[in-house]
Amino acid sequence: MIPMVDLKDELEILKEPILQAIKEVLESGEYVLGKKGKELEQKIANYVGASYGAGVGNGTDALYLALRALDIGPHDEVLTTPFTFFATGEAIAQVGAKPVFVDIEEDTYNIDPLKIREKITPNTKAIIVVHLYGQTAKMQEIMELAHEFNLKIIEDACQAIGTEYKGKRIGGIGDIGCFSFFPSKNLGAYGDGGMIVTNNKKLYDKIVTLRNHGSSIKYVHSTIGMNSRLDEFQAAILLVKFNFLDIFLHKRKEISKRYTMELNDIVKTPPLNENREHTFHQYCIELDNRDQLASFLQQNNISSAIYYPIPLHLQEAFYYLNHKKGDFPISEKAAENILALPIFPFMTFEKQDRVISTIKQFFKRMYAPE
């Protein structure tokens with residue numbers, strides 16, 4: 001079976017330095033908010049061009065804490081895309097704000113800047129920009145709108161670490177950037193983990209306090225916070241894997257080039273836009289008979305996945321927003337037609353060829369004369 005992600009091959013390459021890093025944590029006696037975590041925070045911040053980094057429990061917590069740090073809550077509105085993982089909208093609802101959805105671009109599946117202006121009201125306080133699948137949104141246009149209407153920008157970069165927009169790495173462009181280190185991510189831990197980056201010292205100080213029960217001095221609590229801290233074992237593992245991040249991203253891009261070259265004539269493949277890089281956390285194709293292809297791949301021992309089958313505005317949890325089918329047609333069309341193919345840095349040419357040839361075989365059978 002060709003999996004969507006193969007972490008076993010990665011571990012075979014990195015096992016010794018990872019075991020050594022874990023040993024160092026055990027011997028240090030520091031397990032939470034220690035030296036490894038601080039080192040990772042600084043390295044990630046430097047990598048994306050931000051001044052400060054704060055390790056947190058996961059990417060969802062990163063989004064929630066970013067909103068809390070910006071004092072966003074009840075009666076506020078936050079614009080975002082309905083075509084994303086549930087956590088993006090969930091974090092907005094968790095702080096008591098209203099998620100306001102904006103439909104996506106047809107080619108990149110990212111929020112469409114041309115549709116943002118019409119959704120801005122006096123209650124709008126921020127935009128959560130999702131860099132979906134590893135491709136950047138149109139940050140220049142979005143930042144211009146934010147400046148015009150005095151809105152804050154949170155970059156949901158959970159799928160896009162290392163991606164560049166006009167020479168700048170995303171996450172460090174808006175007011176706050178949020179990353180996830182879920183194991184399947186391009187930089188993944190061996191458990192949950194996340195990171196928040198910012199260039200604003202006041203925001204950083206608030207985030208650091210909020211992630212630690214609202215406390216900056218032990219047993220003194222200035223606000224209601226939460227417990228969301230990146231532990232030292234995960235930080236140590238991520239420090240090892242961070243050394244290989246750019247190499248692994250390059251391999252993902254090479255695999256994507258082969259996919260696109262071979263499949264571009266028969267399915268809609270991810271576009272490569274000038275000044276908008278794609279690091280391919282997922283390689284997604286779009287086709288009308290998506291479910292039949294997924295079934296055919298499964299029959300031939302090839303995994304595939306649907307990211308995401310139900311847009312946020314049609315999720316039961318958001319029924320209270322009173323949306324209906326047809327409100328965001330491009331997001332709905334993508335949800336019905338998109339399919340992610342296996343992609344991971346250690347994917348061999350043989351496995352790539354199996355995926356490609358199986359897809360071609362599917363279309364040959366589909367359109368063969370009876």
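Rings of Phe, Tyr and Trp are taken to pair if their centres lie within 6.5 Å, and by this rule the count comes to 19 aromatic pairs in this predicted model.

- F83 and Y308 form an edge-to-face pair, with 6.4 Å from centre to centre and 75° between the planes.
- Because F83 lies in the loop between β2 (77-80) and α4 (87-94), while Y308 lies in the loop between α9 (290-299) and α10 (329-337), the pair ties together parts that are 225 residues apart in sequence.
- F83 counts as buried, at 1% relative accessibility, and Y308 is buried with a relative accessible area of 13%, the cut-off for buried being under 20%.

**The pair F86 and F318**
- F86 and F318 form a tilted pair, with their centres 5.4 Å apart and an angle of 40° between the planes.
- F86 is in the loop between β2 and α4 and F318 is in the loop between α9 and α10, so this pair ties together parts that are 232 residues apart in sequence.
- F318 counts as buried at 2% relative accessibility, whereas F86, at 24%, counts as partly exposed.

**Aromatic cluster and charge over a ring**
- F83 and Y308 also belong to one aromatic cluster, which they form together with F85, Y109, Y133 and Y307.
- R169 lies over the face of Y47, at 3.7 Å from the ring centre.

Key. Residues are numbered from 1 along each chain as its sequence is written. This is a predicted model: local features need pLDDT of at least 70, side-chain atom pairs count only at pLDDT 80 or more; totals for chains, interfaces and linings use all residues. Side-chain values use heavy atoms; hydrogens and water are left out. Rings of Phe, Tyr and Trp (its six-membered ring) pair if their centres lie within 6.5 Å; planes under 30 degrees apart count as stacked, over 60 as edge-to-face and the rest as tilted. Helices (H or I, at least four residues) and strands (E, at least two) are DSSP runs, numbered from the N terminus. Buried means under 20% relative accessible area, exposed over 50%, partly exposed in between (1.4 Å probe, protein chains only). A charge sits over a ring if NZ of Lys or CZ of Arg is within 6 Å of the ring centre and within 35 degrees of the ring normal.
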